[in-house]
Amino acid sequence: MLVTITLIVSALAAIYLYLTWNYNYWRKQDVPGPSPKPLLGNFPSFVLMKRHVAYEMDEIYREYKTKFNFSGVFSIRSPRIMITSSTLAKDILLKNFKNFHDNEFGEVTNKDIDPLFGRNPFMLNGEEWKTKRAEITPAFTASRMKALFPLIEDVSSRMSKYVEQHRGSSLEAKELAAKFTTDVVSSCVFSCDAQSFTSEKPEIREQGRKLMESSFSSMITMMFIMAFPSLAKRFGIGMVRKPLEKFFTDLMKQAITHRDNSTEKRADYLDYLISLRNKKEISELDMAAHGVTFFIDGFETSSVAISFMLYELAKNDAIQSRLREELSKATSEDGTISYDILLELPYLDQVINESLRLWPPVGFISKKCTEPMELDLTENRKVAIEKDVCAYINIWSMHRDPEYFNDPLTFNPDRFSPENGGTSSYREKGCFIPFGDGPRQCLGMRFARMQIKRCLYEVIKHFEITVNPKTKDPMELDPKQFLTVALGGLWLDFEPISK
């Protein structure tokens, strides 16, 4: 018995030492930063889920930004830097891209263990990301986006009917937006109707939810993979459960078989993947991985973005009315709007940009150092950044920084007006990056903006929206979600506008 206890204590001590021995890394280099918590680092919310990690990052950002361009932090046991200068953030994403061309989350995936996530261009490292990104970049040209527009219009009309059917009862904005994006992406990628507006629990919607869900077990899995990558690889521990992997792989196979045996012609994403298969002989697994990449990009982050846009419009009646006036003037006599006109509406762009500033769906991005270099800690001091050290670019905090945005917590679309230079001046400073920046900027950005615009057009043109009392005030972020999702939901009331 004593031997057993001794072995257990020794094992726990060894694990503790392994997870904490590196905590003097930044102190030895005289880089300022907060003291890490044993076993948890500087971001215990990643594991404990008591607060949203954006709040923890924001506190560190604000504490150190007045004197330093970055601070030294730890993700569990691994040294990281928290960028507090928009200029330095821009340099990492653009000028010094060759030194930081990999994404940290690529460390949690493996092509053999996680074939769907492991083939995602966002996750791939080295030169592989270039190859995979180059394969699918042509799928996002302006002409292809225009060809997808009728499919999005069809889903938009189904959404309107759904909202009208629920007149008199509040709807949760994130769930409504997720139904919309699920149907849009399912139509564009898998050439099928996900039936989100007609079925109680549509299968694609439920499987998509599981694919992106943040849970204690998923966070523990991710932390284990990042802390013990060799063990995770040895025991085949991955982020995507095998039933989910099989569901989306089978869905793609069925879609391909149906399209190959059909005379139907649709210029959708599936059509592009089939043409890519015919040209480059990529496998069905690669096609499924590309399909899931498109699904994730178009489904979850877009639904988060839409939900906050509807929330802010519901809170700000004058802004909602002004946007509705612009949309009405752009509507043709037959009650429709063209793709080209929708994309050029200035106030709609302003509303979207301001919401993405105040509520970026992803609070931060993490870029891994792939080539050692020195970064300016202050004007007079450089610090060597070693290979594999990651840089956290805190989008949430930069977007809410009064140094860059006057009265940052106020929803003010006019800050992005053409008279104020639109997004150009902010992007030039590196302080407005809702989709990232540089060579690895979000590939689905053009598609995301298109479906967001069509969704807002449909809702604002046909309904007056107000905030339901069920929505928490003040609103706070859900600590159990990685994305910026509202705790308790964003509940809105929709009143049809008489024609």
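Reply:
**Helix α14 and its surroundings**

The axes of α14 and helix α17 (residues 346-358) approach to within 9 Å and cross at roughly 110° (axes are lines fitted to C-alpha atoms, for helices over the stretch in contact, with angles from 0 to 180 degrees between N-to-C directions). Helix α14 is therefore roughly perpendicular to α17 (65 to 115 degrees; under 35 is roughly parallel, over 145 roughly antiparallel, the rest oblique). On the α14 side, A305, F308, M309, E312 and L313 make the contact, and on the α17 side V351, I352, S355, L356 and L358 do so (contact means heavy atoms within 4.5 Å). By class, this contact of α14 with α17 has eight nonpolar residues, one polar and one charged (Ala, Val, Leu, Ile, Met, Phe, Trp, Tyr, Cys and Pro are nonpolar, Asp, Glu, Lys and Arg charged, the others, Gly among them, polar).

The model is predicted, so local features need pLDDT of at least 70 and side-chain atom pairs count only at pLDDT 80 or more, while totals for chains, interfaces and linings use all residues. Residues are numbered from 1 along each chain as its sequence is written, and side-chain values use heavy atoms, leaving out hydrogens and water.

Helix α14 (residues 284-315) also packs with helix α8 (residues 173-190), at an angle of about 155° and with the axes 8 Å apart. The two helices, α8 and α14, are therefore roughly antiparallel to each other. From α8, the contact draws on A173, K174, A177, A178, F180, T181, T182, V185, S186, C188, V189 and F190, which meet G291, F294, F295, G298, F299, E300, S302, S303, V304, I306 and S307 of α14. This contact of α8 with α14 comprises 13 nonpolar, eight polar and two charged residues.

Helix α12 (residues 242-260) and helix α13 (residues 269-280) have axes that come within 11 Å and cross at roughly 85°. That angle makes α12 roughly perpendicular to α13. Here M252, A255, I256, R259 and D260 of α12 meet L270, D271, L273, I274 and R277 of α13. The residues in the contact of α12 with α13 divide into six nonpolar, no polar and four charged.

These helices belong to a protein chain with 20 helices and ten strands (DSSP runs numbered from the N terminus: H or I of at least four residues for helices, E of at least two for strands). Of the 499 residues in the chain, 57% are buried (under 20% relative accessible area; exposed is over 50%, partly exposed in between, with a 1.4 Å probe and protein chains only). Among contacts between residues at least 6 apart in sequence, 73% join residues at least 24 apart.

Not counting residues up to four places away in sequence, W396 touches A54, Y55, D58, L358, W359, P360, G363, L477 and T484. L358 of that list also takes part in the contact of α17 with α14.

S45 counts as buried at 6% relative accessibility, and its contacts beyond four places in sequence are R51, H52, V53 and E56. The C-alpha atoms of S45 and E56, eleven residues apart in sequence, lie 7.8 Å apart.

Most residues other than glycine have a negative phi, and most peptide bonds are trans. D30, in the loop between α2 (25-28) and α3, has a positive phi near 60°, and at 56% relative accessibility D30 is exposed. M49, in the loop between α3 and α4 (53-64), likewise has a positive phi near 60°, but M49 is buried at 9% relative accessibility. A cis peptide bond, with omega about 5°, joins D473 and P474; P474 is in the loop between β9 (463-467) and β10 (491-496).

Finally, as to cysteines, the whole structure contains zero disulfides (pairs of cysteine sulfur atoms within 2.5 Å). C431 is buried at 0% relative accessibility, whereas C442 is partly exposed at 28%.
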